Amino acid sequence: MENEILDPRSDKAEQAASGPTDTTDASKALPEDVLILVPMRNTVLFPGVVMPITVGREKSIAAVQEAVRSERPVGVLLQRDASVDAPGSDDLHRTGTVASVLRYVAAAEGVHHLICKGERRFRVLDFLPGFPFLVARIDYFDEPTTDTKEVEARALLLRKKALEAIELLPQAPAELSGALQQTADPAALANMVASFMDIDLDEKQALLETRDLHERLDKVIGLLSDRLDVLRLTRELDEQTQEKMSARQREYMLREQLKTIRRELGEDEGGGAEVEEIEAAIESAAMPEEAEKEARRELKRLERMSDASAEYSMVRNYLDWLTALPWSRLDDEVIDIAAAERILDEDHHGLEKVKKRILEFLAVRKLNPEGRSPILCLVGPPGVGKTSLGKSIARAMGLEFVRASLGGVHDEAEMRGHRRTYIGALPGNIIQAIRKAGTRNPVFMLDEMDKLGVGFHGDPASALLEVLDPEQNATFRDNYLGVPFDLSRVLFIGTANVLDNIPGPLRDRMEVIEIAGYTDEEKLEIAREYLLPRQREQNGIDASQVAVDDSALARIISDYTREAGVRNLERQIGALLRHAAVRIAADETLQLSLSADDVPAILGPAPFERETAARTGLPGVATGLAWTPVGGDILFIEAMRSPGKGKLILTGQLGDVMRESAQAALSLLKSRAAALGVDPGELESSDIHIHVPAGAIPKDGPSAGVAMYVALVSLATGRPVKSGLAMTGEVSLRGLVLPVGGIKEKCLAAVRAGIGTVLLPARNRKDLEDIPQSARSKLDFVWLEHLDEAVQAALEEAPQTAPADAA
């Protein structure tokens with residue numbers, strides 16, 4: 001059944017209204033001085049405003065039908081709580097609006113609609129019980145008729161703001177603007193604006209209850225001003241959005257036209273697809289704002305260039321570098337201390353102190369992942385495992401490993417990159433390695449840091465200051481990229497052979513971990529567990545085909561290598577197995593077993609021999625201990641006397657410090673000649689020649705002073721130096737033995753050379769703990785305070801003079 005619209009004064013309206021009221025108490029008449037009330041959940045009706053109202057609750061329908069039947073007005077009251085279904089007197093506001101029912105629509109689904117016009121305000125005095133709907137006695141109050149300049153001014157301002165609000169509303173009714181302009185009464189204007197304004201129900205109810213017209217106008221103007229601010233901002237945002245959309249549409253159309261023009265000119269060779277590909281790469285690269293802005297600027301330049309232009313390839317290469325860098329990718333660090341310890345033990349033998357420090361580093365990294373980790377610098381001779389330690393750290397953390405070799409780098413651009421103005425420009429080694437790693441937190445090894453050079457192109461070591469400074473490397477700026485790149489999550493590890501060659505400011509940014517050379521026992525273990533299996537694999541030989549016993553490895557270590565690391569040892573093992581591979585390739589069923597006796601036939605004569613006893617058997621020859629960048633070594637000091645005028649001759653490529661040590665040793669000998677039983681006149685009538693063999697190798701340093709003095713005393717007294725003995729230490733003119741460095745390396749060199757006794761400065765006793773126990777057990781240590789102690793411990797006893805025969 002269709003909805004039927006009834007006039008409240010028609011007979012049908014009376015019939016529709018009489019139906020539902022048959023169940024009420026018809027005998028109780030409704031007094032004339034009361035008002036039928038219709039409670040509203042979410043509607044506030046103002047006087048002079050026509051508004052549709054929907055009612056659905058049983059009492060509300062009964063109230064409306066009674067009002068239509070009796071042609072009485074209704075009172076529209078707002079509920080205090082919209083969730084109450086059956087509101088009582090305490091659930092309603094006391095101030096409402098008397099409304100006349102202009103139209104009444106009875107719907108089939110039980111919902112009734114009516115159109116009401118607000119007439120005047122009222123206030124409830126008391127509610128009357130006993131009726132099927134809410135009924136109350138009320139007190140009317142009319143709109144004030146104050147007509148002052150203040151009211152007129154407020155009305156004009158309100159009308160102006162209301163019209164402005166209508167212009168800002170996207171779907172405002174066209175007749176609303178005309179109604180506002182035709183409303184002259186300030187009170188009616190305030191009611192109309194308040195009715196259609198989008199404000200809270202409580203605010204509308206407060207306006208309805210405000211009797212003073214001045215105050216009501218001010219409230220409406222204030223609320224409307226707030227809504228105007230919101231509407232203006234909404235319009236501004238909408239216009240900005242429309243502008244962006246229009247700009248994009250315009251750009252799209254222009255690009256399509258440009259593509260068409262290029263096709264017509266025959267210049268379209270896939271450039272459009274290339275630009276789209278680069279734009280997609282920029283979107284997926286997740287660059288920082290500054291980098292993305294620069295990339296898009298260069299992309300626009302690229303679009304305007306011809307493919308044949310020389311600059312086209314430069315810009316394209318630059319964009320390829322920008323989009324290929326891992327701006328946002330970070331690999332997960334999985335740090336298991338037990339697993340890390342197992343990995344370090346698998347990859348390296350010994351190095352207990354180094355492993356301990358690395359495990360401490362990993363533990364701190366695990367407990368504080370966001371903290372600033374120290375930058376480690378592994379310092380030691382070649383072949384001791386510095387680079388492989390970096391790989392083990394990366395494997396233990398589950399991170400990528402990259403390496404940049406700094407040996408021979410003498411151009412700052414190698415670190416920071418070349419500027420894009422140059423043809424063939426590229427980023428520096430740092431950015432190139434980061435791109436190769438594909439992540440922003442790899443383990444980055446800066447190898448051979450002590451080999452950095454300085455040229456007229458700048459100092460690369462100074463460029464590394466920013467890279468290795470946690471305060472600065474978060475905004476590292478490569479000259480080629482021209483935008484900052486964050487290196488703060490990169491784990492840098494440096495390596496060097498000599499710490500002294502690294503500039504002080506750069507060294508200050510790193511924590512140094514020193515790695516000394518290996519003893520013969522450690523080399524044997526490393527050869528057995530690591531080198532031999534690796535060389536078998538590289539030469540395609542199974543362990544069942546070739547067996548190399550420990551005696552063969554020991555002979556290679558003692559007679560065919562003389563190094564702190566194990567690189568030459570691995571080469572010699574490889575040569576041994578290659579010889580076996582030739583025989584096995586000829587007869588695959590052959591099984592070989594190699595011992596110490598087989599080594600000379602395969603590797604040839606031993607290049608090293610223990611010549612200490614042979615060379616020190618004569619007076620004037622002493623064995624010294626030296627430190628070199630590749631570990632410790634022994635050197636021989638040879639002194640010879642010849643007729644002359646007391647001149648000192650020094651040969652063997654000696655540096656200034658070593659020459660001064662020789663002069664000091666000779667001066668000490670002359671001053672103590674009488675005590676040593678030496679004729680001073682012989683020293684004055686003889687030239688002293690001191691030579692240090694291996695003359696092609698430069699030598700310097702103060703630590704040969706004791707050996708030079710002992711060699712001179714041995715020459716002057718005719719007492720040879722004991723075999724199997726070596727010494728080190730600086731001398732003073734008072735005869736004191738001063739401390740020197742490199743004690744650990746020197747002692748390991750003594751063990752490798754088969755020396756059993758070493759003479760060391762007493763003030764170096766603290767360095768004894770750094771010497772491996774296996775080396776300490778093979779050496780006897782003599783601690784020297786004074787040179788007299790060195791002479792007593794180093795020289796053989798003076799030969800007894802035979803008595804002359806009696807005549």
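A residue counts as partly exposed when its relative accessible area falls between the buried range, under 20%, and the exposed range, over 50%. In this predicted model, Glu 448 has a relative accessible area of 21%, so it is partly exposed. Glu 448 sits in the loop that runs between strand E10 (443-447) and helix H16 (460-467).

Gln 653 is found in the loop between strand E19 (648-651) and helix H23 (656-671). With a relative accessibility of 42%, Gln 653 is partly exposed.

Next comes the interior. In soluble globular proteins, nonpolar side chains tend to be buried together. Here the largest nonpolar core has 59 residues, and the members touching the most others are Leu 114, Leu 158, Leu 180, Val 193 and Val 220. Leaving aside residues up to four places away in sequence, Val 220 touches Leu 158, Ala 190, Val 193, Ala 194, Met 197 and Leu 207. Another core, made up of 54 residues, lies apart from that one, and its members include Ile 375, Cys 377, Ala 404 and Phe 492.

What about helix packing? Helix H11 (residues 337-347) packs against helix H13 (residues 386-397) at an angle of about 150°, and their axes are 9 Å apart. Angles over 145 degrees count as roughly antiparallel, so that is how H11 runs relative to H13. The crossing of H11 past H13 is right-handed. On the H11 side, the contact is made by Ala 340, Ile 343, Leu 344, Glu 346 and Asp 347, while H13 brings in Leu 389, Ser 392, Arg 395 and Ala 396. Sorted by class, that contact between H11 and H13 has 5 nonpolar, 1 polar and 3 charged residues.

Finally, there is Arg 641, a residue of strand E18 (residues 631-643). Its relative accessible area is 32%, so Arg 641 is partly exposed. Not counting residues up to four places away in sequence, Arg 641 touches Glu 682, Ser 686, Asp 687, Ile 688, Leu 715 and Ala 716. As for Glu 529, which is 112 residues from Arg 641 along the chain, the C-alpha atoms of the two are separated by 52 Å.

Key:
Residues numbered from 1 in each chain as written. Predicted model: local features only at pLDDT ≥ 70, side-chain atom pairs only at ≥ 80, totals over all residues. Heavy atoms only, no water. Core = buried A, V, L, I, M, F, W, Y, C linked by side-chain atoms within 4.5 Å. Buried < 20%, exposed > 50% of the residue type's maximum accessible area, 1.4 Å probe, protein only. Contact = heavy atoms within 4.5 Å. Helix = DSSP H or I, 4+ residues; strand = E, 2+ residues; numbered from the N terminus. Axes fitted to C-alpha atoms, helices over the stretch in contact; angles between N-to-C directions. Parallel < 35°, antiparallel > 145°, perpendicular 65-115°, else oblique. Left-handed = near helix turned anticlockwise from the far one by under 90°. Nonpolar A, V, L, I, M, F, W, Y, C, P; charged D, E, K, R; others polar.
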